[in-house]
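This report describes the fold, the nonpolar core and selected side-chain relations of one protein. The sequence and structure are shown first.

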Amino acid sequence: MQKPLLANLDSIEALEAWREVIASIHRDGRNQQGCPVGSPTNELSGSAPEARADLRDGFSRWEHSLRHGLRTMWERGELPHRLDPERFALALLAAVQDGLTLTRARRDTVVLEASFDTLADCLRGHSEH
């Protein structure tokens with residue numbers, strides 16, 4: 001379901017659309033199990049090395065999409081050169097994953113939305129300079 005959005009995360013608006021899809025899945029109760037990659041990571045990463053490799057690959061695909069989109073914005077001059085697209089992609093991925101963990105615990109999407117929106121605001125603020 002996220003694949004079409006992940007292929008084109010090269011604008012703040014596209015990142016926000018992706019965030020909204022993730023939040024809506026959890027907001028409307030369609031996903032009671034948490035993140036399909038993050039939840040099994042907590043359960044399997046310490047005891048199943050073969051599963052850990054598959055889970056790492058899942059996170060790598062998300063990271064690659066975020067990194068590619070941020071790098072594209074950076075190369076177009078929409079982000080300052082001091083911003084590191086690779087590191088920001090990791091921060092964004094961590095914000096989404098931790099936001100999903102807390103969404104599951106709290107049964108609301110407030111933390112997910114706040115963490116993601118704060119990072120998007122950082123990008124938006126950079127693009128105005």
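Within this predicted model, tryptophan 18 and phenylalanine 116 are both buried. They belong to the one aromatic pair that the structure holds. The ring centres of tryptophan 18 and phenylalanine 116 lie 6.0 Å apart with their planes at 65 degrees, and the pair is therefore edge-to-face, since planes over 60 degrees apart count as such. Because tryptophan 18 lies in helix H2 (residues 12–27) and phenylalanine 116 in helix H6 (residues 110–127), the pair ties together parts that are 98 residues apart in sequence.

The overall architecture is helical: the protein has six helices and zero strands, and its elements run α-α-α-α-α-α from the N terminus on. Of the 129 residues in the protein, 43% are buried. The accessible surface comes to about 7400 Å², and carbon and sulfur atoms account for 53% of that surface. Among contacts between residues at least 6 apart in sequence, 62% join residues at least 24 apart.

Buried residues of H2 include Ile12, Leu15, Trp18, Arg19 and Ile22. In general, an α-helix has 3.6 residues a turn, so residues three or four places apart point the same way.

Nonpolar side chains tend to be buried together in soluble globular proteins. Here the largest nonpolar core has 27 residues, and those with the most contacts inside it are Leu15, Trp18, Leu66, Leu70 and Leu123. The elements giving two or more residues to this core are H2, helix H4 (49–75), helix H5 (85–106) and H6. H5 gives the most, with seven residues. Leaving aside its neighbours within four places in sequence, leucine 66 is in contact with Leu9, Leu15, Trp18, Ala89, Leu92 and Leu93.

Threonine 118 counts as partly exposed because its relative accessibility is 47%.

| Threonine 118 and leucine 92 | 26 residues | 9.9 Å, C-alpha to C-alpha |

Terms used: Residues numbered from 1 in each chain as written. Predicted model: local features only at pLDDT ≥ 70, side-chain atom pairs only at ≥ 80, totals over all residues. Heavy atoms only, no water. Phe/Tyr/Trp six-rings, centres within 6.5 Å; stacked < 30°, edge-to-face > 60°. Helix = DSSP H or I, 4+ residues; strand = E, 2+ residues; numbered from the N terminus. Buried < 20%, exposed > 50% of the residue type's maximum accessible area, 1.4 Å probe, protein only. Contact = heavy atoms within 4.5 Å. Areas by Shrake-Rupley, 256 points an atom, 1.4 Å probe, with all protein chains shown as cover. Core = buried A, V, L, I, M, F, W, Y, C linked by side-chain atoms within 4.5 Å.
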